[in-house]
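Please consult the sequence and the model while reading the points below.

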Protein chains: 2
Amino acid sequence: MPPAEDLETLARAEPAVAADEADGRRRRGNRTRESILQAAADLASVEGLVGLSIGRLAAELEMSKSGLFAHFGSKEELQLATIDAARRRFVEHVVKPSRSLPRGRARLEALTNDWLAYFRSEQFAGGCFFHTVKAEFDSRPDNAVREVVMEDVRQFLGLLAREVRKAQEAGDLDPAVEPEQLALALDALGAAANQQFQLMQDPVVFDRAATAIRARLDSVAAQLSDGTTIHSTR
Amino acid sequence: MPPAEDLETLARAEPAVAADEADGRRRRGNRTRESILQAAADLASVEGLVGLSIGRLAAELEMSKSGLFAHFGSKEELQLATIDAARRRFVEHVVKPSRSLPRGRARLEALTNDWLAYFRSEQFAGGCFFHTVKAEFDSRPDNAVREVVMEDVRQFLGLLAREVRKAQEAGDLDPAVEPEQLALALDALGAAANQQFQLMQDPVVFDRAATAIRARLDSVAAQLSDGTTIHSTR
DNA sequence: CCACAACACGAACGGTCGTGCTACATTTTC
DNA sequence: GAAAATGTAGCACGACCGTTCGTGTTGTGG
């Protein structure tokens, strides 16, 4: 598999177990491998990908360290495979659901709402996997994991910016706004909500974040010919 | 020292080495201790407070592991002391400078600008110390370090909210806005800028963040009696 | 100048880390 | 059903972890 596929391409793939059964029949080891990766993603969302230890992971899955290790050959391979698994989970919960909606502000807003819901429901044991891993690798130069994570971040920011642009083309948002600028603001609010929720355990931050996002979108809503503006759909 | 002092109280303390020479003469060990903590804060801003290892820190300072260890007695004590040192650095660069300005939007904007400048100048080797540590401990329940970090986060959010409120009282911002709501938005933008700068190494994010902050403040600027609004000071 | 803290050091402990290697069990393939 | 491939376990390794201890070294007050 090439270093990192496009997020939207991934969203079009089959339901859940995608990397599996791609070539012929599903073997036993692949099922084990997949369950390892799911547990690894959860553990890493708490301890980080560096803090993720093979012994601890093996104990959690009630299998031997060496048996688990044999699936990957090195810790770095395990880290990279874990990111792949986590990305699939992220796409499933955040990217995919809103893809069926028509382009425009409603879809953009659905995307951000799904994103916030994904934080709130704690799909990963320790909050968003990528939040933890981003912070862990953001200042480790010359690291293969870092490059992959960075590419994923770039992909998601790109996705947000593209959706903004589509909403502009649909006539919902002011076309004078720089999509990247708005994408940064949306990304910032989501990340901050997840962070504060993990730290304070108070879900009220999601209301605040949703409010802030809607306010931000309202503030750049396109003027209709009758002088009114399109406001939030809820 | 009580668990965590107020940020603004800290900002009023003597210049740099505050914890030092409090009781009488400055001994040799205290100087060593301080230099250890400065190095520890830098190292932890990259590796985290868990990843921070005593052996590695000792090697960097060209002293023995046991000699260094003796200053703290346990790793957790070292972690807590490192947070104290990092907090002093943060206060010095972010909280303190704008305190001399009169209350109002200008002061709030100076605070956020100093904050962004602090990110940009990389006062810590791996970006903002607290960003790394927050992410590291945000999902580790029943941890003493986590509690301290959480309190610091709360303090900073509180500071932002207070400055918003003062700007409202000064007539610069719309008093109908919830200070906590605006504080969240400002915090989110700053954190996102630091994060993306660390990851992408592109300082353009600071311009975007500054723009977004100014836009946000403009959008809640109080209406003057002549119908105009107070805009950014730059 | 001496005594006594305070400070720093080296060696070693029990643990855990990632990583090999070898042997056994289980599938899959012919 | 034998052969080949695959998956898992056991054990050992060197490196590093936090921590302890005994012993020097150093600086300072009487």
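Helices α6(B) and α9(B) are roughly parallel to each other, because their angle falls under the 35 degrees that sets this class. The model is a predicted one, in which local features need pLDDT of at least 70, side-chain atom pairs count only at pLDDT 80 or more, and totals for chains, interfaces and linings use all residues. Residues are numbered from 1 along each chain as its sequence is written, while chains are lettered from A and ligands numbered from 1 in the order in which they are written.

**Packing of two helices in chain B**

- Helix α6 (residues 105-120) and helix α9 (residues 179-200) of chain B pack at an angle of about 15°, with their axes 10 Å apart; axes are lines fitted to C-alpha atoms over the stretch in contact, and angles run from 0 to 180 degrees between N-to-C directions.
- Helices here are DSSP runs (H or I, at least four residues), numbered from the N terminus.
- The crossing of α6(B) past α9(B) is right-handed, a term for a near helix turned clockwise from the far one by less than a right angle.
- From α6(B), the residues B:Thr112, B:Trp115, B:Leu116 and B:Phe119 meet B:Leu186, B:Gly190, B:Ala193, B:Asn194 and B:Phe197 of α9(B); contact requires C-beta atoms, placed from the backbone, to lie within 7 Å.

**Relation of the two chains**

- Chain A is superposed on chain B by a rotation of 180° with 0.0 Å of shift along its axis (RMSD 0.0 Å), which is the relation of a two-fold axis.
- In chain A, the C-alpha nearest this axis belongs to A:Ala188 and lies 2.5 Å from it.
- The superposition is by least squares on the C-alpha atoms of residues with pLDDT of at least 70 in both copies.

**The interface**

**An exposed loop residue**

- A:Asp142 sits in the loop between α7 and α8 of chain A.
- A:Asp142 counts as exposed because it has 6 C-beta neighbours inside 10 Å, where 12 or fewer is the cut-off.

Definitions and conventions
Parallel < 35°, antiparallel > 145°, perpendicular 65-115°, else oblique. Contact = placed C-beta atoms within 7 Å. Buried ≥ 20, exposed ≤ 12 C-beta atoms within 10 Å, placed from the backbone.
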